[in-house]
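Dear colleague,

I am passing on a structure that you have not worked with before, and I would be glad if you could look it over. Below it I have set out what was found.

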Amino acid sequence: MSNNQSFNDSNSFIPGILNLRKNGFYLTVIFMLVFALIGLAVGSFFNFQYEAEAVLITNLELVEDTNITELMVYTQLELVRQLMFHPDITDEVLQVEHDAGNPISLEQLVKKSVIERRLTSTLIKVRDTDPLIAARIATTWAEVAFERLTEAYEHALLVSEAKWILTSTEQCLTDEKVFATAFCESLSIEEVEDKTNAAQETILAESPYALGLTKDLHISQYQPAAVPSDPVQGRRGNMALTGALVGLVLSLIYFELPHKASPIEVG
C-alpha cells in the first residue's frame with residue numbers, strides 16, 4: 001500500500017503556485033508591479049495614432065418604375081468615393097496643410113487616410129499622432145470635396161440635359177412611336193440637326209468638368225470632424241496592463257522551475 005502511494009505521489013503534478021510557501025504570493029505581486037511599471041515606461045516612448053472622421057453626405061434621386069438596378073446605384077455612390085482622390089481635391093488639401101506648417105506628400109496623405117462608403121455617405125478617416133492635425137485634414141478634405149463636387153454637379157446638369165436632348169432628337173428620326181409626339185412634330189429636320197449638334201458640343205465641353213456625376217447624384221452637405229480624444233489603439237494604461245499580465249505569466253513560470261532545496265540545519 002505504501003509503495004503504491006509513493007508511486008502515485010511521484011507521478012502526480014501539482015502546480016507550483018498551489019504549493020507556495022507562506023506569503024509566497026508576494027513574489028507574484030512584485031513581478032506584476034515591476035512589469036506594469038516597465039510597460040508604462042515603454043508606453044511613454046510610443047506615439048499613438050488618433051483617428052478623425054468627417055462625413056460627406058450624398059443624395060441619390062431614384063425614379064420609380066425605371067430600369068435602375070442596384071449595380072447602377074452602387075456605381076454612382078462608388079464614384080464619389082473614388083473622386084475623393086481627384087487631383088483637384090487632394091492638391092488643395094495638401095496646400096492647406098503646407099500653409100499650416102505641415103508639409104506632407106500625396107503618398108503620406110494616402111497612407112494615413114481611409115475613404116469608406118456607408119449607405120449614401122462617404123466617410124473620410126484620417127490618422128495622425130496629433131489629434132488636431134487628424135481633425136484638420138479630415139475636415140479640410142470634406143469641405144474641399146463638397147465645394148468641388150458641387151461645382152461639378154452644375155456641369156453634370158448641363159451634360160444630363162444635353163444627353164436627354166440628343167436621345168430625344170435621335171428618336172424623332174428613328175422611332176416611329178416617338179415621331180408622332182408633339183415634341184417631334186414641332187421640329188423640322190434642320191432643327192433636329194441643330195439641336196443634335198448643340199447637344200454634342202455641350203457634352204464634349206462640359207463632361208470633363210462634370211467628373212462623371214449625373215443630375216441624379218447630388219452632394220448635399222458635409223460634416224466636419226471632431227478632434228479625437230482617445231487614440232485608436234495602444235494607450236499607456238493598456239501597456240501597463242499588458243506588462244502586469246506578462247509579470248503574472250513569468251511568475252507562474254518561475255514557480256515551476258526546479259529550485260534548490262535549502263540545507264537542513266543541524267542543531
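Predicted model: local features only at pLDDT ≥ 70, side-chain atom pairs only at ≥ 80, totals over all residues.

The chain contains 10 helices and 4 strands, which follow one another along the sequence as α-α-β-α-α-α-β-β-α-α-α-α-β-α. Of its 267 residues, 32% count as buried, and the chain exposes about 17700 Å², of which carbon and sulfur atoms supply 58%. Among the contacts with a separation of 6 or more, 82% are between residues 24 or more positions apart.

The structure holds 7 salt bridges, and three of them are described here. In one of these, K111 pairs with E107, with the closest N and O atoms 3.4 Å apart. Because the two residues lie 4 residues apart in helix 5 (residues 106-111), about one helical turn separates K111 and E107; both K111 and E107 are exposed.

Another salt bridge joins D128 and K112, whose closest N and O atoms are 2.5 Å apart. This pair links distant parts of the chain, since D128 belongs to strand 3 (residues 121-128) while K112 is in the loop between helix 5 and strand 2 (113-118), 16 residues apart. D128 is buried, with a relative accessible area of 9%, and K112 is buried as well, at 19%, which falls under the 20% cut-off.

Lastly, the side chains of K125 and E116 meet in a salt bridge of 3.1 Å, N to O. Here K125 is buried, with a relative accessible area of 14%, whereas E116 counts as partly exposed at 32% relative accessibility.

Note on methods:
Residues numbered from 1 in each chain as written. Heavy atoms only, no water. Buried < 20%, exposed > 50% of the residue type's maximum accessible area, 1.4 Å probe, protein only. Contact = heavy atoms within 4.5 Å. Areas by Shrake-Rupley, 256 points an atom, 1.4 Å probe, with all protein chains shown as cover. Salt bridge = Lys/Arg side-chain N within 4 Å of Asp/Glu carboxyl O.
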